[in-house]
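Me: Please put the sequence and the model up first, and then let us work through them by question and answer.

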Amino acid sequence: DYKKMARGPKKHLKRLNAPKHWMLDKLGGSFAPRPSQGPHKLRECLPLVVFLRNRLKYALTYTEVKKIVNQRLIKVDGKIRTDKTYPAGFMDVITIDKTGENFRLIYDVKGRFAVHRITPEEAKYKLCKVRTLSVANKGVPYVTTHDGRTIRYPDPLVKVNDTVKVDISSGKIESFIKFDSGNLCMITGGHNVGRVGTVTHRERHPGSFDIVHIKDAMGHSFATRLHNVFIIGKGNKAWVSLPRGKGVKLSIAEERDRRIAAKS
């Protein structure tokens, strides 16, 4: 009865097993584009195919996407990417020079990546959350970020869970924000994904998960694990522009009232 799995990495992704936030239709084929290995995890990324075809509607089919990326028109974080299933993820800057557009992948309150256009000025940098802090050989300190970057010689005050502002062209740290109560954060995982609020306090649980309490602009409080908290600004001033809704989650009734008001 013990059946052996096939050897090697999996190459396919079934449509129904694809991450919900890609919003692929259930009946539009049996497979979904499986993201390549890269800086973001499979379930937390948006492959370029889905972005160009399903979000921006610049292509109608998978084949058209291939034709676009092979013309070297798409840059992710300032590097030309010709891989149609390249996993772009949270805070990545996608640049299309031909149309003069810049996008930053950032969650809306429903936990989906919004099509969020940014100015060329803002497209020069991105925020990265520090995942690990360590020392390489010859005593060189370095940090690893949430998007797989290794940055050597960071500011000695930078610690794990802080956010660093990285200049995309040079890959250097321009400035940083400490993980501190009173700072603005966005939730990147769990039930509250995409919500923005101020950190009120952090409960430490040694040997378990630290819990962070957050209060949003409407005064609603909620809690999540430390791992899901991504600091995006000092005080209540965000360092990146936010998609519409500004990360404030409305109840279903409030959403309905807004919709009715907008219609009238």
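Me: Leaving aside its neighbours within four places in sequence, which residues is threonine 198 in contact with?
Reply: A word on the basis comes first: this is a predicted model, in which local features need pLDDT of at least 70 and side-chain atom pairs count only at pLDDT 80 or more, whereas totals for chains, interfaces and linings use all residues. Residues are numbered from 1 along each chain as its sequence is written, and side-chain values use heavy atoms, with hydrogens and water left out. Threonine 198 has its place in strand E15 (residues 196-203), where strands (E, at least two residues) and helices (H or I, at least four) are DSSP runs numbered from the N terminus. With contact taken as heavy atoms within 4.5 Å, and with neighbours within four places set aside, the partners of threonine 198 are Gly182, Asn183, Leu184, His213, Ile214, Lys215 and Gly235.

Me: Is threonine 95 buried or exposed?
Reply: Threonine 95 belongs to strand E5 (residues 93-96), and beyond its neighbours within four places it is in contact with Leu73, Ile74, Lys75, Glu101 and Asn102. The classes are buried (under 20% relative accessible area), exposed (over 50%) and partly exposed in between, with a 1.4 Å probe and protein chains only. Since its relative accessibility is 12%, threonine 95 counts as buried.

Me: What is the relative accessible area of asparagine 161?
Reply: Asparagine 161 is placed in the loop between strand E11 (150-152) and strand E12 (163-167). Its contacts, apart from neighbours within four places in sequence, are Lys129, Val130, Phe179, Arg202, Leu226 and Ile231. Asparagine 161 is classed as buried, its relative accessible area being 12%.

Me: What value is phi of lysine 138 near?
Reply: Lysine 138 sits in the loop between strand E9 (125-135) and strand E10 (141-145), and it counts as exposed at 83% relative accessibility. Most residues other than glycine have a negative phi. Lysine 138 is a residue other than glycine with a positive phi, which is near 60°.

Me: Where does lysine 246 lie?
Reply: Lysine 246 also has a positive phi, near 50°, in a residue other than glycine. With a relative accessible area of 49%, lysine 246 is partly exposed. Its position is the loop between strand E19 (237-238) and H3.

Me: What is the radius of gyration of the protein chain?
Reply: The protein chain holds 3 helices and 19 strands. It is as compact as a globular protein of its length, because its radius of gyration is close to the 18 Å that the globule rule gives for 264 residues. The radius is taken over C-alpha atoms, and the rule is 2.2 Å times the number of residues to the power 0.38. For the protein chain, the radius of gyration is 20 Å.

Me: What percentage of the 264 residues of the protein chain count as buried?
Reply: The C-alpha atoms fill a box of roughly 65 × 55 × 45 Å, taken along the principal axes. Of the 264 residues of the protein chain, the share that counts as buried is 44%.
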